[in-house]
Amino acid sequence: MSKTDAELLMERETRVRHGPVDLDVFGYTLQPGRSHIEADRFLLRTADGLSFHYRKGEGITISRRPGADCSEEQLWLNGSVYSAVACINGFVPIHASAVTHAGHVFAFTGPSGAGKSTLIAALGQRRLPMFCDDTLVLDLSDPDRIICLPGHKRLKLTADALELTGIEAGEKVGQDIDKYYASAVAGDVASPMPLAELLFLEQGASASIESLSGSERFMRTQDDHYTAHLFAGARQLDRAAQFAHRVRLARQIAMSRLVRPWDRERFHEGVELAARHVLAEKRL
């Protein structure tokens, strides 16, 4: 199957080379642990010696200070840098992990530590292929529907999550990061697909799923994750445009609340409920 224009654009814009990075490109020296996005540029400087510079049409340049933890390059490329490239090129990244079923994407979102990746790993054992982990990029170019662009295909799981799901650990994500890469048991999907639903992960006494509607869907479009800040910095929308953007997301994205007990002994309850929900034919 031939790739879409959006896929080809992201593939072209995320090409990588190693070389010098100008830390004064915005007129001041970017300090370690900070990033800046503006117009057609993005600059990121990590605390452990890596620097990333992206400019539209030129791809990504990575600079390594001697002694830098190079194992974290992919982590930054697949997270903040990938999201920034998406924003600058007109796409919308959201903090979510997703599976696919019947040609649609079902995404799960929540704060860091909510168990997005663990749930995706467990759903893979229910034969639901992974679509992305941690960052989901939305293409809003079609006014009638929202399309998800395929992202990176490696899960990042803690030791507890690996034990809970029974999935084999790969290499560590980084020297000082207590997560391991892992492959999706049911494989993955690398083609754009429409977004069927966005489910918000919450903690509760028992497993349940509740559809969201009206003003609550609009309120849920307000996010404090770094992807939202990157989008705001790249797009510089005025108040009216921000409102219109959020209204569209609330109107076109089906949203639900997925409540699950967080104790290990009842982990399967949330997984089974999520699997039944995604697999239900009436949803599509």
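How many helices and strands does the chain have? I looked this up first, bearing in mind that the model is predicted. I found eight helices and 16 strands in the chain.

**Entry: overall form.** I next checked the radius of gyration of the chain, which is 19 Å. Along the principal axes, I noted that the C-alpha atoms fill a box of roughly 50 × 45 × 40 Å. I recorded that 50% of the 284 residues are buried. Of the contacts with a separation of 6 or more, 67% are between residues 24 or more positions apart.

**Entry: nonpolar cores.** I then turned to the largest nonpolar core and counted 48 residues in it. F42, L136, L138 and L195 have the most contacts inside this core. Which helix gives the most to this core? I found that it is α2 (residues 73-88), with eight residues. I also noted that domain 1 (5-88) and domain 2 (92-279) each supply at least three residues to this core. Apart from it I located another core, of 28 residues, including F106, F108, V271 and V278.

I looked up L138 individually, leaving aside residues up to four places away in sequence. L138 touches F91, V92, I94, I146, I147, C148, L195 and I253. I noted for context that nonpolar side chains tend to be buried together in soluble globular proteins.

**Entry: five-stranded sheet.** I traced an open sheet of five strands in the order β1-β5-β4-β3-β2, with mixed pairing. Why is one side of β1 and of β2 left without a neighbour in the sheet? I saw that β1 (16-18) and β2 (34-38) stand at the edges and that each has a single partner strand, so one side of each has no neighbour there. On average, neighbouring strands of this sheet are turned by 15° against each other, direction ignored. Within the sheet I followed β4 (residues 50-55) and β5 (residues 59-64), which pair in the antiparallel sense over six bridges. Y54 stands opposite I60 in β5.

**Entry: three-stranded sheet.** I traced an open sheet of three strands, ordered β11-β13-β12, with antiparallel pairing. Its edges are β11 (155-157) and β12 (172-174); each has a single partner strand, so one side of each is left without a neighbour in the sheet. β11 and β13 (residues 177-182) run antiparallel and are joined by three bridges. For L157, I identified Y180 as the bridge partner in β13.

How values were computed: Residues numbered from 1 in each chain as written. Predicted model: local features only at pLDDT ≥ 70, side-chain atom pairs only at ≥ 80, totals over all residues. Heavy atoms only, no water. Core = buried A, V, L, I, M, F, W, Y, C linked by side-chain atoms within 4.5 Å. Buried < 20%, exposed > 50% of the residue type's maximum accessible area, 1.4 Å probe, protein only. Helix = DSSP H or I, 4+ residues; strand = E, 2+ residues; numbered from the N terminus. Domains from an automatic or database assignment. Contact = heavy atoms within 4.5 Å. Pairing = 2+ DSSP bridges. Axes fitted to C-alpha atoms, helices over the stretch in contact; angles between N-to-C directions. Rg over C-alpha atoms; globule rule 2.2 N^0.38 Å.
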